[in-house]
Amino acid sequence: MSEASIKQSRRQCDRTPVKVQVFVHCRGRFQRAKITDYSQSGLQLEGTFGLINTDLVQIELVSGVRMPGKVEWSLGGQTGITFSQPLKASHPAMVELARKAT
C-alpha cells in the first residue's frame, strides 16, 4: 500500500480542492500561506516554512475566522493540519471555504 493510500485511509472526510490565502499563527508569529485542500477534519497548506510536527496553530481566513489545529506533517513548503475537533459543515470557516471552492 502506498503512503498516499495510507494517508487517505486514515482520513475521515473527503478533501475538497481550493485556493485560499490565509494567515498561519504559531509560536507568537504569523506567516501567509495558501490552503490547497480541506475537509472537516483538517487541511493542507502550501507555502509554509518553519512549522514542525505537533506545533499548535491558528489558521486565519481573510475574513478573520480562525480554525485551531495542530501540524500533523510538514515537508518542504507543504504542511498538513488536523483540527482539534472536526468542524461542522455549518462552521463559518467551512461555509466560507465551500463558497470559495465552487
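This note sets out numbered points on a predicted model, covering its nonpolar core, its strand pairing and its salt bridges.

1. **The nonpolar core.** The largest nonpolar core comprises 22 residues. Those with the most contacts inside this core are Val 22, Ile 35, Leu 43, Leu 45, Ile 59 and Met 67. In general terms, nonpolar side chains tend to be buried together in soluble globular proteins.

2. **Elements that build the core.** At least two core residues come from each of the strands β1 (16-26), β2 (29-38), β3 (42-46), β4 (56-61), β5 (66-75) and β6 (78-83), and at least two also come from the helix α2 (92-101). Strand β1 gives the most to this core, with five residues.

3. **The surroundings of Ile 35.** With its neighbours within four places in sequence left aside, Ile 35 is in contact with residues that include Val 18, Val 20, Val 22, Leu 43, Leu 45, Ile 59, Leu 61, Met 67 and Leu 97. Lys 19 and Gln 44 are also among the contacts of Ile 35.

4. **Pairing of β1 with β2.** Strands β1 and β2 run antiparallel and are joined by nine bridges. Within this pairing, Val 24 stands opposite Gln 31 of β2. The two strands form a hairpin with two residues between them. In the turn, Arg 27 has a positive phi of about 55°.

5. **Pairing of β1 with β4.** Strand β1 is also joined to β4, by four bridges, and these two strands run antiparallel. Here His 25 stands opposite Gln 58 in β4.

6. **The salt bridge of Arg 15 and Asp 37.** The whole structure contains four salt bridges. In one of them, the side chains of Arg 15 and Asp 37 meet at 3.1 Å, N to O. Arg 15 lies in the loop between α1 (3-10) and β1, while Asp 37 lies in strand β2, so the pair ties together parts that are 22 residues apart in sequence. Arg 15 is partly exposed, at a relative accessible area of 25%, whereas Asp 37 is buried, at 16%.

7. **Two further salt bridges.** The side chains of Arg 66 and Glu 60 meet in a salt bridge at 3.5 Å, N to O. Arg 66 is partly exposed, with a relative accessible area of 39%, but Glu 60 counts as buried, at 16% relative accessibility. Glu 72 forms a salt bridge with Lys 70, and their closest N and O atoms are 3.9 Å apart. Glu 72 counts as partly exposed at 37% relative accessibility, and Lys 70 is partly exposed with a relative accessible area of 31%. As a general point, side chains of opposite charge can pair when their charged atoms come close.

Technical notes:
Residues numbered from 1 in each chain as written. Predicted model: local features only at pLDDT ≥ 70, side-chain atom pairs only at ≥ 80, totals over all residues. Heavy atoms only, no water. Core = buried A, V, L, I, M, F, W, Y, C linked by side-chain atoms within 4.5 Å. Buried < 20%, exposed > 50% of the residue type's maximum accessible area, 1.4 Å probe, protein only. Contact = heavy atoms within 4.5 Å. Pairing = 2+ DSSP bridges.
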